[in-house]
Amino acid sequence: MVTQRELPAGRYGSRDKRRGPRWAYWALLGVFVVAGLVVAYVAYVNLGDGPITTEAARYTVVDDGSVRFGFTVTRDDPSKPADCIVRARAGDGDEAGVREVYVPAGGAQRTVDTVVHTSKRAVIVEVYGCSYQVPLT
């Protein structure tokens, strides 16, 4: 006959598992769910598509000091003017030229052409970003 040995309680602790109140479990779970929803919302606002999107249409290197660039701007609010930053980069990766381009209000989608003057021969042109915060001139 096999008997179970008694272990000294002071050395190994008791076998009784103490659990906290049941409401504490649900409260902690609720806090984690709310925190997860807040993180998801902040990520959606900051990492989702912005109110203005752009797409490069074409570019032509005019000479060693300038490049012609066309791009399409799509806005969620066509009644507001936009300001876009266009930059040209040289073959070594340096920024060769920057230009601010004003996009007037009207039309949800608009194609804009501009010339960026550069300090080196440009090999790529890109829209760095667009905003509704148009500087006053």
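C84 is tucked away in this predicted model: with 0% relative accessibility, C84 counts as buried, because the cut-off for that label is under 20%. Its disulfide partner is C130, and C130 comes out as partly exposed at 24% relative accessibility.

The sulfur atoms of C84 and C130 sit 2.0 Å apart, and the count for the structure is one disulfide. The link between C84 and C130 is right-handed, with 110 degrees about the S-S bond. What does this bond tie together? C84 belongs to strand β3 (residues 82-90) and C130 to strand β6 (residues 122-131), so the pair connects parts that are 46 residues apart in sequence.

Those two strands also meet in a sheet. Three strands make up this open sheet, in the order β4-β3-β6, and the pairing is antiparallel. At the edges stand β4 (95-103) and β6, each with a single partner strand, so one side of each has no neighbour in the sheet. From one strand to the next, the twist averages 20 degrees. As background, strands of a sheet pair through backbone hydrogen bonds, and they can do that in a parallel or antiparallel way.

Here is how the pairings look, with one facing pair of residues for each.

| Strand pair | Sense | Bridges | A facing pair |
|---|---|---|---|
| β3 and β6 | antiparallel | eight | R89 and I124 |
| β3 and β4 | antiparallel | eight | C84 and V101 |

Now for the nonpolar core. The largest one has 16 residues, and F71, V73 and V86 touch the most other members.

V73 is worth a look in the viewer. Setting aside neighbours within four places in sequence, V73 is in contact with I52, T53, T54, C84, V103, A108, Q109, R110 and V112.

Definitions and conventions. Residues numbered from 1 in each chain as written. Predicted model: local features only at pLDDT ≥ 70, side-chain atom pairs only at ≥ 80, totals over all residues. Heavy atoms only, no water. Disulfide = S-S within 2.5 Å. Helix = DSSP H or I, 4+ residues; strand = E, 2+ residues; numbered from the N terminus. Buried < 20%, exposed > 50% of the residue type's maximum accessible area, 1.4 Å probe, protein only. Pairing = 2+ DSSP bridges. Axes fitted to C-alpha atoms, helices over the stretch in contact; angles between N-to-C directions. Core = buried A, V, L, I, M, F, W, Y, C linked by side-chain atoms within 4.5 Å. Contact = heavy atoms within 4.5 Å.
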